[in-house]
Amino acid sequence: MSIRPSLRSALSTLTALLMLLSAAAVQAAPQAAPDAQATPQQQKVNAQDTQAAALLNQLADGSYHNKAKTIEQIADSSDERARQWLEAFAANKLARLEDSGEFVIIIKNRGRHWTIANALTGEPMGKRSRRDIDVIRVNNQLRNQLQDILSVIDLKVSDPERRLAAARDLRGKVTAEMTSQLRKVYVDEDHAEVKSALEEALAIYQLDTQQDPEAIEILDGSLSSEARAALNRAAQSDQPELAAAAKKALSGIQDKLKLNRAAETLYFGLSLGSVLVLAAIGLAITFGVMGVINMAHGELMMLGAYTTWGMQQLLPDSPGLALVLSIPAGFLVAALVGIGIERSVIRHLQGRPLETLLATFGISLILQQLVRTVISPLNRTVITPEWMSGSIMINEALSLTLNRLYIMGFAALVFIGLMMIMRKTRLGLEVRAVTQNRAMARAMGIRATRVDIMTFGLGSGVAGLAGVALSQITNVGPNLGQNYIIDSFMVVVFGGVGNLWGTLVAGLSLGTLNQLLEPWAGAVLAKIVVLVFIILFIQKRPRGLFPQKGRAAEG
Amino acid sequence: MSDLISSHQAPSANAVNSRHWLAQPFTEKATQRFLLVLLGAVALVSVLHLAFPEGHPLHVSTYTVTLLGKYLCYALLAVAVDLIWGYLGILSLGHGAFFALGGYAMGMYLMRQIGDRGVYGNPDLPDFMVFLNWDSLPWYWHGFDMAWFAFAMVVLAPGILALVFGFLAFRSRVTGVYLSIITQALTFALMLAFFRNEMGFGGNNGLTDFKDLLGFDLRSDATRLGLFIGSGLALAVGYILCRAIVSSKLGRVSVACRDAEARTRFLGYRVERVQLFVFVISAMLAGVAGAFYVPQVGIINPGEFSPLFSIEVVVWVALGGRATLYGAVIGALLVNYAKTVFTGIMPDAWLFALGALFVLVTVFLPQGIAGLMQQRFRRRPEPTAEENAA
């Protein structure tokens with residue numbers, strides 16, 4: 001019994017990782033596309049317009065018999081505006097102007113002057129006298145035909161995403177009249193996902209109306225709620241075989257859903273964890289090297305977030321560019337402020353860590369109040385650029401929000417960057433030397449003061465980077481830093497001082513732990529439990545998960 | 001006392017204290033002077049309040065009396081923090097938690113005293129429980145209708161928390177910055193917990209709308225004066241107790257723990273026991289301060305648990321001067337008076353001033369005001385924290 005859950009969690013970890021990888025790959029692909037296609041698309045639109053005008057003319061001039069054929073042609077033309085035209089047509093709102101022969105859609109047909117818009121371009125054309133407007137006539141037979149066609153017309157547009165959405169929307173809504181049309185569409189469809197969604201929609205209909213056991217096979221493994229609802233209905237059926245098959249399919253679906261939920265929790269946990277890592281890693285550096293608790297760390301993060309806001313104020317038209325630019329800017333602002341703090345205050349408190357803690361706390365109060373006075377006590381809005389908003393749908397039960405994915409990637413980059421600095425550069429070497437033994441490092445000719453300045457600048461700069469990232473997921477306000485400072489301390493204390501890997505593991509595991517507890521205990525209680533857990537953990541391992549070993553340990 | 005601090009045959013301390021350790025403070029000139037000033041001031045305020053009618057220039061209003069009473073509670077809290085920070089080297093950033101726990105114990109008693117005079121008129125349940133549709137009193141509220149039990153809990157609740165927390169922390173030798181961070185996490189966790197309605201302590205509104213204490217109407221001037229005098233006496237008793245502890249052998253060992261923990265341990269003293277004992281006493285004093293505070297301000301809510309408050313207490317002590325006890329009192333009174341004035345005139349400037357105070361005191365005034373005074377009077381300083389004490 002005890003093996004199963006652990007096996008399942010291991011499996012879910014693996015699947016979630018795979019999903020993340022594939023999601024990243026999917027995301028990378030469509031980025032460049034729109035610009036490259038601009039000109040050919042333009043030509044296509046023009047060609048489409050001529051074709052559409054011809055079809056609309058046929059619709060206006062033909063006999064009712066020919067109109068029926070034209071309707072089919074319009075529906076099959078895969079023109080995105082087809083739905084609009086046909087809906088207007090069915091409602092007596094598609095018309096031709098008598099003087100220019102332009103096709104218009106009537107928006108408001110009250111009074112003598114009607115509000116109209118161009119049917120081809122969608123541009124509003126103001127009001128025209130109703131005498132100038134020649135409404136294209138329609139009869140009841142055509143309306144019936146239109147109703148059937150309209151129900152599947154979204155399945156005929158050229159954009160597969162829209163087709164998919166339409167097909168998914170149809171599930172559970174299929175009516176007897178639609179089936180023949182749907183079958184036709186299904187056969188013609190060549191996009192695999194759309195096809196399977198259509199198959200599902202038809203299967204739900206079949207299961208509901210004909211108790212078709214084959215439909216259960218099709219629905220088995222589907223994650224949509226409509227499929228589950230249909231299977232549930234089938235499970236209540238009085239045919240024992242059908243009910244048994246439906247129940248079996250349902251239990252399989254439940255297992256799959258559980259897996260997806262686990263993956264989602266893991267994703268949220270890792271994303272929260274990566275935020276914690278970002279927030280804590282700068283702190284870990286300054287604490288590890290200088291033994292200095294920088295209580296103003298949270299406020300340096302706040303400055304980074306405000307830099308993002310300021311950048312977006314400077315470049316109001318391109319929030320994406322502003323965000324990218326604020327990465328170096330946020331680093332610089334926070335690093336400079338950090339160096340200022342080090343030079344003006346911390347330098348005078350060498351070897352008195354508790355006093356440093358108090359002094360930096362005072363600085364944090366001043367910075368907070370400064371932002372309140374100079375900018376505003378209210379939260380500022382930072383715009384999320386388009387390429388960062390939205391989410392990736394892995395399957396119907398699991399979708400990952402993009403901004404968190406970006407932040408995870410960003411955290412990973414920052415972590416790797418810091419690791420490289422620590423491992424590969426001269427500065428890193430000196431920092432490690434000073435961390436291990438300040439006196440000996442100085443005796444070997446390392447200028448410890450310079451190392452202090454550089455480390456403090458680096459740690460503060462990373463706080464600024466964390467702030468830039470945080471501006472995308474939380475409110476940017478004067479209290480931003482306060483909300484994260486205690487969590488960051490917990491991560492540093494939990495991971496062990498002076499160990500970047502410790503910070504990474506601690507941040508990710510605390511984030512995941514928090515998310516695991518949340519559905520079971522609620523957000524606040526989860527946080528309390530995590531805090532208590534750390535307080536107890538510190539009793540067992542006072543130097544954190546990965547304590548420094550050997551001579552460096554006694555500091 | 002001696003078996004508390006030494007494991008076995010520890011080297012016997014010199015016989016400085018021939019008197020009983022509790023009587024020792026009364027022989028000290030500085031303590032006598034402090035008590036004289038404190039009790040004199042309390043008496044003076046009381047007399048001015050009672051003897052002169054309202055509107056007379058020498059009259060001290062009830063508002064001022066209550067305000068001063070509040071300051072005295074803060075001063076007692078500061079003394080408690082100074083006891084462990086100044087003489088034991090433990091920087092607790094969570095002493096507000098013990099203060100608030102004492103306050104909540106008192107608040108629960110006051111809530112039960114309301115009886116059926118609440119808005120909903122329920123004789124058994126406090127208003128907020130009726131509001132949340134609770135049908136019976138949670139188990140931990142039982143007994144708080146009895147004064148003796150509630151007053152015992154004022155001391156016991158913070159004491160037990162400090163005992164458990166300190167036992168775990170000191171046994172694993174969590175000290176220095178780590179301990180500070182952990183105490184801050186403790187008070188933060190408690191704040192989050194008390195904000196929850198489900199905890200049964202009134203959620204973010206806390207406990208308020210008190211009516212009377214031991215049968216005295218809390219809104220009457222006489223009761224308020226009584227609470228002020230009580231706070232003054234509590235501060236005096238707490239001060240004497242701390243003084244007695246620090247001048248006893250235990251106090252000397254605790255100063256040794258502060259300055260050289262490892263060496264003290266090697267000499268055979270049970271450092272963790274000394275730390276635990278002093279820590280628990282300090283937490284209890286904080287609880288008493290909270291208990292006097294609540295009836296005077298008329299409310300207790302989870303805001304008292306906020307890490308900002310706890311760290312503010314530390315800066316009172318730092319400003320006054322560590323390891324002097326009277327410095328803590330001076331710091332608490334000064335900072336809180338400044339806070340009242342500042343937040344009255346220009347509220348925005350207060351956080352600037354407080355922040356600057358943190359920085360300036362730590363950088364330029366490591367010995368605090370008490371240190372300045374000692375330099376000025378060219379006397380041999382009391383045992384003060386050395387520069388490199390962490």
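In this predicted model, Glu355(A) and Arg322(B) form a salt bridge, with 2.8 Å between the closest N and O atoms. Side chains of opposite charge can pair when their charged atoms come close. Across the interface of chain B and chain A, the rule finds one salt bridge. Glu355(A) and Arg322(B) also belong to a network with Arg352(A), joined by salt bridges that share partners. Three residue pairs are in polar contact between chain B and chain A, both residues being at pLDDT 80 or more.

Which helices of chain B supply at least two residues each to the side that touches chain A? They are helix H7 (147-171), helix H8 (176-195), helix H13 (307-320) and helix H15 (347-364). H8(B) gives the most to this side, with 13 residues. By type, the residues on the side of chain B that touches chain A are 31 nonpolar, seven polar and four charged.

The contact as a whole involves 38 residues from chain A and 42 residues from chain B. The size of an interface is often given as the accessible area lost when the parts come together. Between chain B and chain A the buried area is about 3,900 Å², and carbon and sulfur atoms give 79% of that area.

**Salt bridges**

Over all chains, the structure holds twelve salt bridges. The table lists some of them.

| Pair | Closest N and O atoms |
|---|---|
| Glu355(A) and Arg322(B) | 2.8 Å |
| Arg258(B) and Asp259(B) | 2.9 Å |
| Glu272(B) and Arg270(B) | 3.2 Å |
| Asp487(A) and Lys527(A) | 3.5 Å |

The pair of Asp487(A) and Lys527(A) links distant parts of the chain, 40 residues apart. Asp487(A) lies in helix H20 (residues 480-495) of chain A, and Lys527(A) lies in helix H22 (residues 523-540) of chain A. Asp487(A) counts as buried because its relative accessibility is 16%, while Lys527(A), at 22%, counts as partly exposed.

In the pair within chain B, is Arg258(B) buried or exposed? Arg258(B) has a relative accessible area of 7%, so Arg258(B) is buried. For the pair of Glu272(B) and Arg270(B), Glu272(B) is partly exposed at 22%, and Arg270(B) is partly exposed at 28%.

**Inside the chains**

Chain B has 16 helices and four strands. Of the 390 residues in chain B, 56% are buried. Among contacts in chain B with a separation of 6 or more, 77% come from residues 24 or more positions apart.

The largest nonpolar core has 158 residues, and those with the most contacts inside it are Trp141(B), Leu207(B), Phe305(B) and Trp316(B). Helix H4 (residues 62-88) of chain B supplies the largest share of this core, 16 residues. Apart from this core lies another, of 56 residues, including Ile363(A), Val414(A), Phe415(A) and Leu458(A). Setting aside residues up to four places away in sequence, Trp316(B) touches several residues, among them Tyr74(B), Ala78(B), Phe309(B) and Val335(B).

In chain A, Gln515(A) is part of helix H21 (residues 500-521). Why does Gln515(A) count as buried? The reason is that its relative accessibility is 15%, and the cut-off for buried is under 20%. Beyond its neighbours within four places in sequence, Gln515(A) is in contact with Thr265(A), Phe268(A), Gly269(A) and Leu272(A).

Methods:
Residues are numbered from 1 along each chain as its sequence is written. Chains are lettered from A and ligands numbered from 1 in the order in which they are written. This is a predicted model: local features need pLDDT of at least 70, side-chain atom pairs count only at pLDDT 80 or more; totals for chains, interfaces and linings use all residues. Side-chain values use heavy atoms; hydrogens and water are left out. Contact means heavy atoms within 4.5 Å. Buried area is the accessible area (1.4 Å probe) that two parts lose on being put together, summed over both. A salt bridge is a side-chain nitrogen of Lys or Arg within 4 Å of a carboxyl oxygen of Asp or Glu. A polar contact is a pair of N or O atoms within 3.5 Å; within protein, one must be able to donate a hydrogen and the other to accept it, and residues adjacent in sequence count only if both atoms are side-chain atoms. Ala, Val, Leu, Ile, Met, Phe, Trp, Tyr, Cys and Pro count as nonpolar, Asp, Glu, Lys and Arg as charged, and the others, Gly among them, as polar. A nonpolar core is a set of buried Ala, Val, Leu, Ile, Met, Phe, Trp, Tyr and Cys residues joined through side-chain atoms within 4.5 Å. Buried means under 20% relative accessible area, exposed over 50%, partly exposed in between (1.4 Å probe, protein chains only).
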